[in-house]
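This briefing covers a sheet, a nonpolar core and a pocket. The sequence and structure are shown first.

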Amino acid sequence: MKIIATGITGLVGSRISELNPDLSFADISIESGISILDPVALEKVFTNNPDAVTVLHLAAFTDVNGAWSQNKDQNGLCFQLNVTGTQNIVNLCKKYGKYLIHISTDYVFDGTKEGKYLETDTSSPIEWYGETKYLAEKVVLDSGIKAAILRLAFPYRASFEPKKDIVRKLIDGFKVGKLYPQWTDHFTSPTFIDDIAVAVRKFIDNQYTGIYHCCGSSAQSPFDMCQLIAEVFGFDKSLIVASTLAEFLTTQAPGSRPWQKNLSLDNSKITALGIKMKTLREGLEEMKRQLS
């Protein structure tokens with residue numbers, strides 16, 4: 001089966017490719033020399049792959065701090081990749097009748113909710129990365145094409161040398177005996193990438209539509225995350241020092257970008273499709289098995 005894919009060589013995309021060896025991906029990426037900002041080159045991929053029914057759109061500007069330095073700049077790379085690039089993909093999906101799986105983020109929320117965010121909760125981004133991803137979602141939804149939006153949250157995997165995810169960065173910190181103070185008042189739903197690969201395949205096969213939270217089944221603070229990593233991998237818990245996001249913003253980063261306090265996502269909608277999304281502990285245990 002042929003899939004047109006953007007960002008398939010990245011942290012998430014490469015694992016989707018590895019775990020679905022029967023799929024053939026027409027690669028739109030820097031590596032392939034095709035930019036999502038080049039409509040002419042993009043269209044050649046679509047015309048050269050008429051048998052590709054699905055488009056998987058992973059490519060994005062994901063540096064949240066870097067995005068804030070471009071705040072409100074529609075000529076900046078963050079807006080261009082996340083919004084203009086998505087518009088280019090959507091235009092071609094509409095023209096050629098393709099089904100789109102669009103990858104989004106938990107950063108579309110403002111982080112003020114008590115409890116986990118549902119897909120039906122109102123998006124209200126508070127920084128530029130989240131705003132551009134919200135605008136990209138809007139491009140998809142307003143287009144009327146057949147599409148699914150999968151919101152990911154802090155994806156992690158056992159190994160991927162080109163880029164370290166949050167979990168492997170913390171593991172490296174334990175190994176060298178040095179961790180930054182870990183916040184107790186900031187909450188996320190980290191996602192094991194192998195589960196994302198399974199979910200994406202099910203969407204390819206069934207062409208579900210709508211918005212889904214494709215994220216881990218637990219939510220915890222960075223402090224709790226470090227506790228779990230130490231327990232699963234046998235690291236020294238005394239290295240974990242508690243701190244708060246509020247303290248960080250007051251003493252270390254006054255005037256920094258806005259930070260969401262709670263980005264916990266409810267994934268019951270996607271799990272109702274029969275897709276198992278691991279808790280952080282389950283994901284860490286599978287990582288350990290793969291690494292050993």
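Two strands count as paired if DSSP finds at least two bridges between them. In this predicted model, isoleucine 3 stands opposite phenylalanine 25 in E2. Strand E1 covers residues 2–6 and is joined to E2 by five bridges, in the parallel sense.

**Sheet**

- The open sheet has six strands, in the order E2-E1-E3-E4-E5-E9, with parallel pairing.
- Strand E2 (24–28) and strand E9 (210–213) are at the edges with a single partner strand each, so one side of each has no neighbour in the sheet.
- From one strand to the next, the twist averages 20°.
- In general, strands of a sheet pair through backbone hydrogen bonds, in either a parallel or an antiparallel arrangement.

**Strand E5**

- Strand E4 (residues 99–105) pairs with E5 in the parallel sense over six bridges.
- Within this pair, leucine 100 is opposite alanine 147 of E5.
- Six of the six residues of E5 are buried, so the strand is largely enclosed by the rest of the structure.
- Ala147, Ile149 and Arg151 point one way from E5, while Ala148, Leu150 and Leu152 point the other way; all are buried.
- In a regular strand, side chains alternate between the two faces of the sheet.

**Nonpolar core**

- The largest nonpolar core has 39 residues, of which Ile4, Ile28, Leu42, Val55, Ile89, Cys93 and Leu100 touch the most other members.
- At least two residues of this core come from each of E2, helix H2 (39–48), helix H3 (64–68), helix H4 (77–96), helix H5 (128–143) and strand E5 (147–152).
- H4 gives the most to the core, with eight residues.
- Nonpolar side chains in soluble globular proteins tend to be buried together.

**Second largest pocket**

- The volume of the second largest pocket is about 200 Å³.
- Its lining consists of Ala158, Ser159, Glu161, Lys164, Arg168, Ile171, Asp172, Lys175, Phe233, Lys288 and Leu291.
- Helix H6 (166–176) and helix H11 (280–291) are the elements that give two or more residues to the lining of this pocket.
- The largest share of the lining, four residues, comes from H6.
- By class, the lining of the second largest pocket has six charged, four nonpolar and one polar residues.

How values were computed:
Residues are numbered from 1 along each chain as its sequence is written. This is a predicted model: local features need pLDDT of at least 70, side-chain atom pairs count only at pLDDT 80 or more; totals for chains, interfaces and linings use all residues. Side-chain values use heavy atoms; hydrogens and water are left out. Axes are lines fitted to C-alpha atoms, for helices over the stretch in contact, and angles run from 0 to 180 degrees between N-to-C directions. On a 1 Å grid over the protein atoms alone, a cavity is a set of points where a 1.4 Å probe fits but cannot get out, and a pocket is an open set with protein on both sides within 12 Å along at least five of seven lines; lining residues have an atom within 4 Å of a point. Grid points are joined across faces, edges and corners, and a volume is the space filled by probe spheres set on the points. Ala, Val, Leu, Ile, Met, Phe, Trp, Tyr, Cys and Pro count as nonpolar, Asp, Glu, Lys and Arg as charged, and the others, Gly among them, as polar. A nonpolar core is a set of buried Ala, Val, Leu, Ile, Met, Phe, Trp, Tyr and Cys residues joined through side-chain atoms within 4.5 Å. Buried means under 20% relative accessible area, exposed over 50%, partly exposed in between (1.4 Å probe, protein chains only).
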